[in-house]
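Subject: Structure handover and notes

Hello,

Please find the structure below.

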Amino acid sequence: MLATPSGTPETAPPMTEKITRGHSCILCQQRKVKCDKQKPKCGNCIKARAECTPSAPTLPRRRKRRLAETDLAGRLRKCEHLLKSHGIKIDDEELERPGPDGPHSDFFPGGDRVISMMAPRSRNPVKGALFADKDKSHYVENTLWDNLRDEIGDPKESLQGSSEDESNDGELFPNPESLLVGHGFSKDLRSMHPNPVHIFRLWQTFLVNVNPLVKMVHAPTLQQTILDASEDVRNIPRHIEALMFSIYFLAVTSLQNEDCQSMFGEQRSTLLARYAHGTQQALISARFLKSLNISTLQAYVLFLLGVRTIFDAHSLWVLTGTSVRIAQRLGLHLDGSKHNISPFDVEMRRRTWWQIVFLDGHSSKLAGAGFPGWLAKFDTKIPKNISDSDLSPTMKEPPQDKEGATEMIFCCLRYETAQALRTARTTTNMDGSWSIASGASPELLAEKDKAIDALEIKFEKQFVQHCDPSIPLHLLVIYVAKSVICTMRIMAHHPRQYPDKGATMSQREKDMLFTESLKEMEYDSLGYTSKAIRGYLWHITSHFQLDAFIYLLSELRYRTTGDLVERAWQQIKFSFENRPEMITDTKNSLYFAIGNLALKAWAVREEAMGSYQAPPRFISLLRSQRNIPDPPRPPAEIQNEDPYSTPRIMDYANEPPAPAPLPQNTNVTNIEQQWGDWNPEVDINMPEITPVDWAYWQTLMDGDLPAWDGDVGRDFTGGQQW
């Protein structure tokens with residue numbers, strides 16, 4: 001029995017029974033106090049002199065039903081189907097094969113459950129959303145944002161919170177940008193700008209040496225912006241300041257030391273250090289990871305172009321991957337013509353995206369990654385073959401594509417090459433890098449050769465015939481076009497494309513590969529000797545035909561005599577001289593392995609020569625690094641200290657045509673006869689179309705590949721039938 005509450009008779013409540021519903025009254029719930037649950041009034045309501053209203057009873061909680069095993073399996077199959085529909089490969093293919101009477105058939109295309117699940121999203125036929133406002137943009141593909149895009153009336157609302165002008169003062173941790181590219185300088189950027197005269201000189205250098213190979217900015221518009229900014233460096237917007245410093249940095253990168261001293265009165269190394277650190281600090285200040293401004297992204301890409309030969313390959317690959325993610329955040333991977341964007345912005349977005357694609361492809365090759373950027377999934381069209389004068393920020397209609405040579409001719413050649421690879425990947429059995437799958441038939445190889453021949457004809461009609469070799473950029477394009485075809489033939493016939501690593505290759509095919517690799521390396525060497533294209537050397541240096549170079553070295557272990565062998569050793573020497581890092585960078589495992597391969601090939605040559613011959617300087621340096629002494633010099637013989645000191649002239653006119661089964665281009669004349677005093681150029685733009693095959697190279701350098709068959713073409717002279 002309950003005790004009677006103490007108190008006076010006037011205030012004491014009558015004896016009542018407890019409320020049996022087990023819930024507090026409404027007033028106690030609102031006040032969040034404990035209710036004594038007495039009838040007809042609880043103690044709190046009596047004190048407050050308020051009406052005590054019982055709360056409505058609630059339904060008891062239902063225990064969550066444990067999913068049956070069949071339900072879990074069904075959900076798993078549904079998730080796998082959704083992943084596969086978005087292009088994600090599922091390793092266990094057995095799970096996605098529905099039985100004819102199985103309970104999981106509803107989760108596959110044609111099933112009612114799949115249709116009902118996808119139906120609510122049918123009102124948005126265009127996947128994703130692009131929010132753009134002037135020079136800022138933000139592309140979203142996440143379902144959360146996609147479902148909210150109808151609620152965002154003003155695009156500016158989706159761009160808030162991403163300003164590059166935000167300050168980070170007082171925060172405990174550094175910006176993520178500083179963790180990516182360093183902490184930067186505490187020095188004021190205003191003091192690092194050159195004077196207005198030097199700013200204009202750097203800009204002009206950029207226009208001559210860099211812009212024709214990049215074409216990522218609209219020169220007339222940006223020139224006026226730079227001129228206005230140079231008048232007051234204290235009030236430059238952060239994204240423009242980052243772009244200006246990247247232009248300074250890349251312009252100095254394209255110059256030689258004597259040019260820097262005559263133009264700016266300082267050493268090239270001093271200017272590079274100043275503007276590299278200035279660009280880094282300007283990018284951090286512009287919050288480039290968070291910025292939605294395309295100018296900030298362009299500044300970052302230009303910075304990466306300048307540090308390609310400075311940063312290690314793996315770091316560069318990570319940094320270029322960052323540029324890809326930023327570009328996707330801005331929606332550059334989707335063609336702007338599908339969105340409400342001006343024709344001018346559509347074209348500039350295309351140029352920026354494709355430059356990022358090539359940069360990522362090049363870095364992925366050097367880092368040993370297996371998926372170049374131009375094989376990724378995107379629908380951004382290639383930029384049009386038009387000059388900057390054909391573009392204007394105020395234009396209302398898209399510009400018309402032009403035929404012939406324009407300012408974009410070099411970049412368009414790169415675009416067409418990548419587009420050919422993408423097309424081959426989707427329309428044929430090729431994988432986009434001309435690789436031969438396991439068990440491939442000769443018909444597939446013939447199909448590749450046919451596609452390469454067609455591309456060669458297209459290059460001739462679309463680019464080469466419109467070029468004037470007296471113009472340095474056109475001269476570059478002529479030999480880039482030739483070198484691209486050469487590279488593709490090497491890729492299509494390379495031993496690593498075969499399941500047996502070339503053991504079943506015919507000797508004629510090996511001879512063709514040796515000749516194509518030699519041509520490739522001679523183009524590369526001429527890129528260093530032609531004064532007309534010296535301004536493009538910054539780009540040439542960062543691209544090296546490693547496939548051709550290593551194949552030459554591997555074959556020189558078995559080919560010891562003949563004119564082509566002499567020319568090959570000459571190109572090996574030039575390559576080591578033009579790229580001294582292959583000797584000095586002893587921490588680079590790839591360079592060290594190449595050095596070992598060169599020493600093996602030279603040892604075979606020395607043994608075949610019989611008499612002593614003084615080794616080239618690069619052989620002596622490689623031996624000294626490995627503590628291998630040079631052979632003793634016979635005192636009675638007159639020695640040639642460097643047998644490859646005189647450049648040899650390319651001359652393919654005397655070479656007989658290739659056999660019918662091998663599609664080899666023999667219509668190549670002597671360069672000096674064809675272009676007079678002009679020297680040809682090297683392909684520096686499309687060697688990155690094949691990812692590095694580290695496993696094959698390791699096998700090759702270990703000497704485990706099949707040897708050259710000396711019964712065919714033993715002398716290997718210029719008159720040999722190929």
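This is a predicted model: local features need pLDDT of at least 70, side-chain atom pairs count only at pLDDT 80 or more; totals for chains, interfaces and linings use all residues.

Residues are numbered from 1 along each chain as its sequence is written, and side-chain values use heavy atoms, with hydrogens and water left out.

Overall

The protein has 27 helices and 2 strands; these are DSSP runs, numbered from the N terminus, with helices being H or I of at least four residues and strands being E of at least two. Of its 722 residues, 50% count as buried. Buried stands for under 20% relative accessible area, exposed for over 50%, and partly exposed for anything in between, with a 1.4 Å probe and protein chains only. The accessible surface is about 35,800 Å², and carbon and sulfur atoms account for 53% of that; the areas come from the Shrake-Rupley method with a 1.4 Å probe, and for residues only the protein chains shown count as cover. Taking contacts between residues at least 6 apart in sequence, 71% join residues at least 24 apart, where contact means heavy atoms within 4.5 Å.

Cores

A nonpolar core here is a set of buried Ala, Val, Leu, Ile, Met, Phe, Trp, Tyr and Cys residues joined through side-chain atoms within 4.5 Å. The largest one has 98 residues, and Phe206 and Leu302 have the most contacts inside it. Helix α18 (residues 472-493) gives the most to this core, namely 12 residues. A second, separate core has 36 residues, among them Tyr498, Tyr551, Phe576 and Leu599.

What does Leu302 touch, leaving aside its neighbours within four places in sequence? Its contacts are Phe206, Val214, Met216, Leu243, Ser246, Ile247 and Leu250.

Helix pairs

Helix α12 (residues 268-285) packs against helix α13 (residues 294-306) at an angle of about 150°, and their axes are 11 Å apart. Axes are lines fitted to C-alpha atoms, for helices over the stretch in contact, and angles run from 0 to 180 degrees between N-to-C directions. α12 and α13 are therefore roughly antiparallel to each other; angles over 145 degrees count as such, under 35 as roughly parallel, 65 to 115 as roughly perpendicular and the rest as oblique. The α12 and α13 crossing is left-handed, a term for the near helix being turned anticlockwise from the far one by less than a right angle, with clockwise giving right-handed. On the α12 side Ala276, Thr279 and Leu283 meet Thr296, Ala299, Tyr300 and Phe303 of α13.

Helix α24 (residues 589-609) and helix α25 (residues 617-625) pack with axes 10 Å apart and an angle of about 115°. The crossing of α24 and α25 is also left-handed. From α24, Gly595, Ala598, Leu599, Trp602 and Glu606 make the contact, and from α25, Ile619, Leu622 and Arg623. Leu599 was listed above in the second core.

Ala242 sits in helix α10 (residues 238-253) and is buried, at a relative accessible area of 0%. Not counting residues up to four places away in sequence, Ala242 touches Thr279, Ala282, Leu283, Ala286 and Ala299. Ala242 and Ala286 are 44 residues apart in sequence, with 7.0 Å between their C-alpha atoms.

Leu444, in helix α17 (residues 442-462), is buried at 10% relative accessibility. Its C-alpha atom is separated by 10.0 Å from that of Ala492, 48 residues apart along the chain.

Backbone points to check

Most residues other than glycine have a negative phi, and most peptide bonds are trans. The peptide bond from Lys39 to Pro40 is cis, with omega near -10°, and Pro40 is in the loop between α1 (26-31) and α2 (43-48).

Which residues other than glycine have a positive phi? Arg49 has a phi near 55°, and Arg287 has one of about 55°. Arg49 lies in the loop between α2 and α3 (69-85) and is exposed, with a relative accessible area of 79%. Arg287 lies in the loop between α12 and α13 and is buried, at 10%.

Regards
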